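Keep the viewer open as you read, and take the points in order.

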2 protein chains.
Amino acid sequence: MDLLKDRIVSEGRIIGTDILKVDSFLNHQIDPRVMQEIGKAFAEAFSNEGITKVLTIESSGIAPALSTALCLGVPVIFARKTTSRNLDIDTYISSVHSFTKGTDYVIRVSKRYLNDKDVVLLIDDFLAKGCALQGLIDIVGQSGAKIAGAGIVIEKGFQEGGALIRGMGIRVHSLAIVNEMSEKENQITFKDEDNSQE
Amino acid sequence: MDLLKDRIVSEGRIIGTDILKVDSFLNHQIDPRVMQEIGKAFAEAFSNEGITKVLTIESSGIAPALSTALCLGVPVIFARKTTSRNLDIDTYISSVHSFTKGTDYVIRVSKRYLNDKDVVLLIDDFLAKGCALQGLIDIVGQSGAKIAGAGIVIEKGFQEGGALIRGMGIRVHSLAIVNEMSEKENQITFKDEDNSQE
């Protein structure tokens with residue numbers, strides 16, 4: 001997706017070997033028009049899958065997931081990372097390891113909104129080691145719903161998450177796959193065909 | 001906003017005297033078409049204010065804020081409740097008390113994305129005691145930006161937040177103001193004119 005890659009190149013800030021900051025348009029400040037195009041791209045890629053629900057994790061996944069759900073005309077659910085008086089007691093639960101924060105956290109989805117009749121599209125902003133996506137896959141598995149695939153805004157192709165999730169037989173559609181990035185040279189290279197690994 | 005009130009009445013679940021669960025369409029599962037109408041309503045209400053940024057707090061504020069920002073054609077920023085390697089070190093910081101969780105938490109916005117040239121529209125899903133909104137107001141104050149007002153999806157008119165924020169001279173535009181609700185009778189009454197307090 002050229003619009004996205006252009007923004008990554010012009011605004012992305014590389015820190016160390018594995019942090020790509022895109023908080024000017026994707027996950028702190030958000031450009032709603034870029035987000036709209038992201039939603040359209042995912043909706044198009046999965047248009048023939050009979051999707052009934054889009055599922056993501058708070059917080060950075062919410063914007064691309066909402067945009068996608070609007071295009072597909074289906075509800076979106078965001079898994080909660082914290083307990084809340086506003087969340088049902090009866091939830092699907094999974095544990096996710098965060099390499100970014102060095103801790104584990106629990107994600108929850110109310111059983112009210114996901115069941116074995118659903119066909120689910122998973123959406124997230126980043127795919128790196130695949131931990132968050134594995135948590136969502138676990139939750140969908142508990143519900144008995146079918147997974148149509150995963151739409152990822154930016155995949156870190158040099159980390160193992162993509163191969164891990166694809167190895168589970170799940171279709172992963174990434175709008176930009178970063179092959180290499182260098183803080184020193186401030187350079188990012190993308191995989192030529194976004195979805196050749198799909 | 002009739003569409004919203006209808007959904008609150010048909011799907012909202014009242015627990016005790018002050019919890020209104022609308023997680024079937026607003027803040028866990030989201031109906032993207034309702035969210036689109038919410039965005040349109042806020043954009044229309046603040047169309048003449050010269051808004052340059054929409055500001056909210058993760059997570060439940062993100063969906064209505066994104067929808068509004070798309071209609072207004074401006075970026076949206078969501079304040080972070082957690083530290084992250086992806087967030088800049090140089091941030092505006094404010095402390096917010098959560099009555100729902102019984103704890104205080106810190107919210108952060110990168111100084112990179114908010115400055116004294118901005119005119120900011122605050123968006124949140126609920127207004128109850130007004131703590132979260134006060135945190136956002138504090139952050140905008142630190143940046144030197146101007147506050148155009150606050151767009152609230154559901155205001156609990158029986159709690160003090162609305163009067164508190166309006167008392168600060170800030171325009172509050174709420175799409176539904178709940179005057180009373182009763183778990184026992186499973187009944188919700190709205191303030192007739194949504195924005196008569198505006």
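Predicted model: local features only at pLDDT ≥ 70, side-chain atom pairs only at ≥ 80, totals over all residues.

1. H2(B) and H3(B) pack with their axes 7 Å apart, at an angle of about 55 degrees. The crossing of H2(B) and H3(B) is right-handed.

2. Which residues make this helix contact? From H2(B) come B:Met35, B:Gln36, B:Ile38, B:Gly39, B:Lys40, B:Phe42 and B:Ala43, and from H3(B) come B:Ala63, B:Pro64, B:Ser67, B:Thr68, B:Leu70, B:Cys71 and B:Leu72. Sorted by class, the contact of H2(B) with H3(B) holds nine nonpolar, four polar and one charged residues.

3. Next, have a look at the sheet. Seven strands build an open sheet with mixed pairing, and their order is E3(A)-E5(B)-E4(B)-E8(B)-E9(B)-E10(B)-E11(B). Where are its edges? They are formed by strand E3 (29-30) of chain A and strand E11 (187-190) of chain B; each has a single partner strand, so one side of each has no neighbour in the sheet.

4. Two of the strand pairings deserve a visit. Strand E8 (residues 119-127) and strand E9 (residues 146-156), both of chain B, run parallel and are joined by eight bridges. For example, B:Ile123 has B:Gly151 in E9(B) as its bridge partner. The pairing between the chains, E3(A) with E5(B), is antiparallel and has two bridges. There, A:Gln29 has B:Ile77 in E5(B) as its bridge partner.

5. Finally, how many residues does each chain bring to the contact between chains A and B? Chain B brings 30 residues and chain A brings 30 residues. On the side of chain B that touches chain A, the elements giving two or more residues are strand E2 (19-21), strand E3 (29-30), helix H2 (32-45), H3 and E5 of chain B. H3(B) gives the most to that side, with five residues. By class, this side of chain B has 15 nonpolar, nine polar and six charged residues.

Definitions and conventions. Residues numbered from 1 in each chain as written. Chains lettered and ligands numbered in written order. Pairing = 2+ DSSP bridges. Helix = DSSP H or I, 4+ residues; strand = E, 2+ residues; numbered from the N terminus. Contact = placed C-beta atoms within 7 Å. Nonpolar A, V, L, I, M, F, W, Y, C, P; charged D, E, K, R; others polar. Axes fitted to C-alpha atoms, helices over the stretch in contact; angles between N-to-C directions. Left-handed = near helix turned anticlockwise from the far one by under 90°.
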